[in-house]
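User: I'd like to learn how to read a structure like this one. Could you take me through it step by step?

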Amino acid sequence: MLADMPPTRICPRCQLRLHDASMAMRRHYTLMETGIRLSRTDHTEEERQEFRARLEATFNDGQTAWDAYREHLTEHGILPPPRISN
């Protein structure tokens, strides 16, 4: 069955993009887990805002890395272009 499949066009950058996206999401995941634990204890409003900013930054980094990975796979024709919403 797999022998009948055409080869997927990938390159070394595919692996790099996947690694970057995975690591960025892992950093966000780790920080989110920390946030869940910290939510059970008291913190100042300043500490909450600082943590929230770090959490947002890791989310945005993960999203950016994921978008770059998707765009790269789209360039190879592995994924379709993203749908544009109105």
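Analyst: Happy to! Let's begin with a term: helices here are DSSP runs of at least four residues, numbered from the N terminus. Keep in mind that this is a predicted model.

User: Which helix gives the largest share of the lining of the largest pocket?

Analyst: That is H2, with seven residues. Both H1 and H2 (45-75) supply at least two residues of this lining.

User: How much space lies in that largest pocket, and which residues are closest to its centre?

Analyst: The largest pocket holds about 290 Å³ of space. It is lined by 14 residues, and Gly35, Leu38, Glu47, Arg48 and Phe51 are the closest to the centre.

User: What is Leu31 in contact with, leaving aside its neighbours within four places in sequence?

Analyst: Its partners are Phe51, Arg54, Leu55 and Thr58. Take Arg54: it is 23 residues from Leu31 in sequence, while their C-alpha atoms are 8.2 Å apart in space.

User: And why is His28 called buried?

Analyst: Because its relative accessible area is 10%, and the cut-off for buried is under 20%. His28 is also found in helix H1, which spans residues 12-38. Beyond its neighbours within four places in sequence, His28 is in contact with Leu55, Thr58 and Phe59.

Methods
Residues are numbered from 1 along each chain as its sequence is written. This is a predicted model: local features need pLDDT of at least 70, side-chain atom pairs count only at pLDDT 80 or more; totals for chains, interfaces and linings use all residues. Side-chain values use heavy atoms; hydrogens and water are left out. Buried means under 20% relative accessible area, exposed over 50%, partly exposed in between (1.4 Å probe, protein chains only). Contact means heavy atoms within 4.5 Å. On a 1 Å grid over the protein atoms alone, a cavity is a set of points where a 1.4 Å probe fits but cannot get out, and a pocket is an open set with protein on both sides within 12 Å along at least five of seven lines; lining residues have an atom within 4 Å of a point. Grid points are joined across faces, edges and corners, and a volume is the space filled by probe spheres set on the points.
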